[in-house]
Amino acid sequence: MKKIAIVNDLSGMGKCSLTAAIPVISAMGVQACPLPTAILSNQTDYETYFLDDYTNRMDRIIDEWQRLNFKPDGIYTGYLANVMQFEKVQRMISLFSDDKTIIVCDPVLGDEGETYDMYHEELRLQMCHLIQKANLITPNLTEALLLTGDKSYMKKQWQKLQHLSEKEYLCEIELLGYTIQKAYSINCMVITGIALPGKQIGNLVFEQGISYWINSPKYGGSYSGTGDLFSSVLAAGLTKGYTLKKCVETAIPFLSKAIAETIAEGTPRNEGICFEHYLHLLYDEII
Ligand code: PXL
């Protein structure tokens, strides 16, 4: 069975990070092997939270995995709680990957024109460094902007984007994607969850020097963990040998149906998406 090492936090409430990644990756027939970066009572967008930082335990886990001769088929990184964790992730990548290992990096830094609580400039710079190791990166639009400039630059660009015509808006985002690809020699990238006019959500896919949009209807607000569910489908799909296009086309109906239930139930944004009933959409033949 294929295995993915998942470097991400475990949040008790909010259905993000490992609580999203483990069920999705398991449903797709890939073994999920978590390396926690932090354990939280709930994700950090709630008013308060308890965060138990796992930095000091990460090396212990990596050492044991090394003793066990662990060879994951994929490595998927998400929420890193502080700058020290980047060195651990780099160590892990150099110990456990070879040229066949699929490395997916979700550069978790912010969303909707805002940065997350753990964000600071040094962490952003470390993220810009880490993404260069990845076969695929999955920034949202806020994170894509942060891969090209600091927080104040991102805020200015975010505001600027909101005032463009539809055509200019799409062009600017495509240009942003090519800038990132070129600056960091990125092979594949999906800029995820882009709000488009006319109640559409766009995902802008870059691969082998071309780009294309895969859109879906927008049902409602933005929910905690949406990006984690999306990236998890892509990480498992690529590890199984799916094309990137098939990965995105697998993620969209799964998310759309789950979000429709979430809205119908009136779930608060912070509680995340009701995805559990739709995991079967990810089941696949045994390969
Ligand atoms: O989904 C991104 C994410 C991951 N982990 C934690 C978070 C967030 C977003 O708020 O707080 C702990």
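**Close-up 1. The side chain of E261 and its polar contacts.** In this predicted model, the side chains of E261 and H277 are joined by a polar contact of 3.0 Å. The side chain of Y278 also makes a polar contact with the side chain of E261, at 2.8 Å. E261 sits in helix α9, which covers residues 244-265. E261 is buried but has no salt bridge. The nearest side chain of opposite charge belongs to K15, 7.5 Å away; a salt bridge would need the charged atoms to be within 4 Å. Apart from neighbours within four places in sequence, E261 is in contact with C274, H277 and Y278.

Close-up 2. The residues surrounding the ligand are D9, S11, C16, S17, L40, Q43, T44, Y79, Y116 and D228. A nitrogen atom of the ligand lies 2.7 Å from an N or O atom in the side chain of D9. For the side chain of S17, the distance from a ligand nitrogen atom to an N or O atom is 3.0 Å. An oxygen atom of the ligand is 2.7 Å from an N or O atom in the side chain of D228. The ligand taken alone exposes 320 Å², and the protein buries 94% of that.

**Close-up 3. Helix α1 and the elements it packs against.** Helix α1 runs over residues 18-27, and its buried residues are L18, A20, A21, V24, I25 and A27. These buried residues pack against strands β1 (3-11), β2 (31-40) and β4 (74-77), and against helices α8 (226-240) and α9. Just after α1, G29 has a positive phi of about 80 degrees.

**Close-up 4. The salt bridge between D59 and K88.** The closest N and O atoms of this salt bridge are 2.8 Å apart. D59 is in helix α2 (residues 55-67) and K88 is in helix α3 (residues 84-96), so the pair ties together parts 29 residues apart in sequence. D59 is partly exposed, because its relative accessibility is 21%. K88, at 11%, counts as buried.

**Close-up 5. The salt bridge between E114 and K155.** The side chains of E114 and K155 form a salt bridge with an N to O distance of 2.9 Å. E114 belongs to strand β7 (residues 114-115) and K155 to helix α6 (residues 151-162); the pair, 41 residues apart, links distant parts of the chain. Both count as partly exposed: E114 has a relative accessibility of 46%, and K155 has 29%.

**Close-up 6. The salt bridge between E121 and R124.** In this salt bridge, N and O are 2.9 Å apart. E121 and R124 are 3 residues apart in helix α4 (residues 121-130), so about one helical turn separates them. E121 is partly exposed at 33% relative accessibility, whereas R124 is buried at 8%.

How values were computed. Residues numbered from 1 in each chain as written. Predicted model: local features only at pLDDT ≥ 70, side-chain atom pairs only at ≥ 80, totals over all residues. Heavy atoms only, no water. Helix = DSSP H or I, 4+ residues; strand = E, 2+ residues; numbered from the N terminus. Buried < 20%, exposed > 50% of the residue type's maximum accessible area, 1.4 Å probe, protein only. Lys, Arg positive; Asp, Glu negative; His and termini not counted. Polar contact = N/O pair within 3.5 Å; in protein donor to acceptor, adjacent residues only side chain to side chain. Contact = heavy atoms within 4.5 Å. Near = heavy atom within 4 Å. Areas by Shrake-Rupley, 256 points an atom, 1.4 Å probe, with all protein chains shown as cover.
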